[in-house]
Protein chains: 2
Amino acid sequence: MVPKKTLKLIKSLQLKKYRYQEKLFLVEGAKSIVELLDSSLRVRTLISTSVFINQHISFIQRYSPELEIYQAEESAISSISSFKNNNAGIAVVEMPALQVPSALVGYALVLDNIRDPGNLGTIIRIADWYGISTIICSPETTDEFHPKVISASMGSFLRVVIYRTELTSYLQKAKLPIYGTLVNQGTSVHDLDFAPQGLILLGNESEGISELVKGYITNAVCIPQFGNAESLNVSIAAAVICDNMKRNATHRRVAS
Amino acid sequence: MVPKKTLKLIKSLQLKKYRYQEKLFLVEGAKSIVELLDSSLRVRTLISTSVFINQHISFIQRYSPELEIYQAEESAISSISSFKNNNAGIAVVEMPALQVPSALVGYALVLDNIRDPGNLGTIIRIADWYGISTIICSPETTDEFHPKVISASMGSFLRVVIYRTELTSYLQKAKLPIYGTLVNQGTSVHDLDFAPQGLILLGNESEGISELVKGYITNAVCIPQFGNAESLNVSIAAAVICDNMKRNATHRRVAS
């Protein structure tokens, strides 16, 4: 039986206020939990079906003697999960304490007020695919510990480190090329020669990059448009820019 | 006052069964409705706020004398809308009668069992951005008239024509290069020389391209991976492939 206190805690962690009060967040579903138990994050509680526990027993035992494990039925797990059907489990995880890094390796994404959790999760997954391990978020960007962000990232939240800071002071000190996406302005990503290191700045879903932050762009870039759609979703734009940046870097290496 | 019969019809059109029974679908929100009234689709009914009607009166008057227009409060519109907040209106639109084209101009996307309405809508928007005006869907692909598809396409459903047919017989007769996306298999999209005309085949969110359809791929393509994410979302993959195809076509034109 899962103690009532634990159930109450899990329900409360669906809300940002309680996540930051407790410094805890939830990870749900088989794939994410398996990757979580293989990561350096501290898992405090795991509520799981007997099938999932038996399937991953060696993994779970290796993890930590301090981990509280509760067995529950699939229906009971789904009832406290943010997934409609959760046939694996829910883990309660400690938020890591992070300091914004003063130096970067390669590229980082800088997110100026991304509001949709699905977009943020998808951007984390894209960063992970393209080998970008750092994302810097403005304070207003949606919480990276939101259950929908964690789920949309498909496990990539474990490999991409997300920092949160005031963008203007961060960009001022960055001393790196800052590639900013502006609709129909700047150099086409198809023609741009990306520097070996830099920041890719992405703006809010409806407003784009905010006025204050825009001033720090050193290289305005655009994604060439061939048809009539007015814009691309921000996660789509992120993918196209990362793909062109990596393509450019690879082809430069081959040429030299 | 909106007649009860109309309200009931609108509610029923949230469901696929009634959409196909009535051969009608819904278009919601200001941006989509404005573009709709400027398109060749036949709008039967428009329920709208007085603000929206006044703002677009010339547009609406130009449209058709047969259009039934009802004025309603924002709260009343939101209560029958699939949007949480709909501050503009809902239109009831006749489904166009379409025959799968025997010939194509340029590229088309072929969707093998895309299930998520958000993904389908995003793919329609991407096609529109990259100037691809034809999408061929397998019969199992989610309904293109689903309110979430219409909304995620951001008006692009008006410019991209969507056909539905058995993919195996369609691909068999296609006589075009068929680019199929397979994870970590085939030629990198960064190195591929795309033909001037062709089909880009995209598979289901979790299963990928189905076994029966896979056999028709003439050019297996992959998106190079630089980090550790296992896969990319299908709409992200669609965007990256379209971007590389267009980049390739443009650079070929410049080079020749």
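Let me start with strand pairing: two strands pair if DSSP finds at least two bridges between them. Helices (H or I, at least four residues) and strands (E, at least two) are themselves DSSP runs, numbered from the N terminus.

What you see above is a predicted model, in which local features need pLDDT of at least 70, side-chain atom pairs count only at pLDDT 80 or more, and totals for chains, interfaces and linings use all residues. Residues are numbered from 1 along each chain as its sequence is written, while chains are lettered from A and ligands numbered from 1 in the order in which they are written.

Now, the pairing in chain B. Find β9(B) and strand β11 (residues 219-222) of chain B. They pair in the parallel sense over two bridges. Look at Ser188(B). Which residue of β11(B) is the bridge partner of Ser188(B)? Cys222(B) is.

Seven strands of chain B form an open sheet with parallel pairing. Read the order off with me: β7-β6-β5-β10-β8-β11-β9. Which strands are at the edges? They are β7 (161-164) and β9 (187-188) of chain B, and each pairs on one side only.

Take strand β2 (residues 43-48) of chain B. It pairs with strand β4 (residues 89-94) of chain B in the antiparallel sense, over five bridges. In that pairing, Ile47(B) has Ile90(B) as its bridge partner in β4(B). β2(B) is also joined to strand β3 (residues 68-71) of chain B, by four bridges, and these two run parallel. There, Leu46(B) is partnered by Ile69(B) in β3(B).

Over to chain A as a whole. Its secondary structure comes to 11 helices and 11 strands. The C-alpha atoms fill a box of roughly 60 × 40 × 40 Å along the principal axes. The radius of gyration, taken over C-alpha atoms, can be set against a globule rule of 2.2 Å times the number of residues to the power 0.38. For 256 residues a compact globule would have a value near 18 Å, and chain A has 20 Å, which agrees.

Next, burial. A residue is buried if 20 or more other C-beta atoms, placed from the backbone, lie within 10 Å of its own; exposed if 12 or fewer; partly exposed in between. Buried residues make up 41% of the 256 in chain A.

Contacts next. Two residues are in contact if their C-beta atoms, placed from the backbone, lie within 7 Å. Take the contacts in chain A between residues at least 6 apart in sequence: 77% of them join residues at least 24 apart.

Domains. The bounds come from an automatic or database domain assignment. For chain A, that gives domain 1 (4-94) and domain 2 (107-255). Their centres, over C-alpha atoms, are separated by 30 Å. How many residues of domain 1 of chain A are in contact with domain 2 of chain A? There are 15, and they meet nine residues of domain 2 of chain A. On the domain 1 side, α2 (16-22), β1 (24-28) and α3 (30-37) of chain A each supply at least two residues.

Now the two chains together. Copies are superposed by least squares on the C-alpha atoms of residues with pLDDT of at least 70 in both. A rotation of 180° with 0.0 Å of shift along its axis puts chain A on chain B, at an RMSD of 0.0 Å. That is the relation of a two-fold axis. The same surface serves both copies, since 96% of the contact residues of chain A recur in chain B. Each chain's share of the contact is 27 residues from chain A and 27 residues from chain B. On the side of chain A, α7 (117-129) and α11 (234-255) each supply at least two residues. α11(A) gives the most, with eight.

Last, two backbone angles. Most residues other than glycine have a negative phi. Met154(A) has a positive phi, near 55°. It is found in the loop between α8 (147-152) and β7 (161-164) of chain A. Lys175(A) has a positive phi too, near 50°. Its loop is between α9 (167-173) and β8 (178-181) of chain A. Is each one buried or exposed? Met154(A) counts as buried because it has 21 C-beta neighbours inside 10 Å. Lys175(A), with 9 other C-beta atoms within 10 Å, is exposed.
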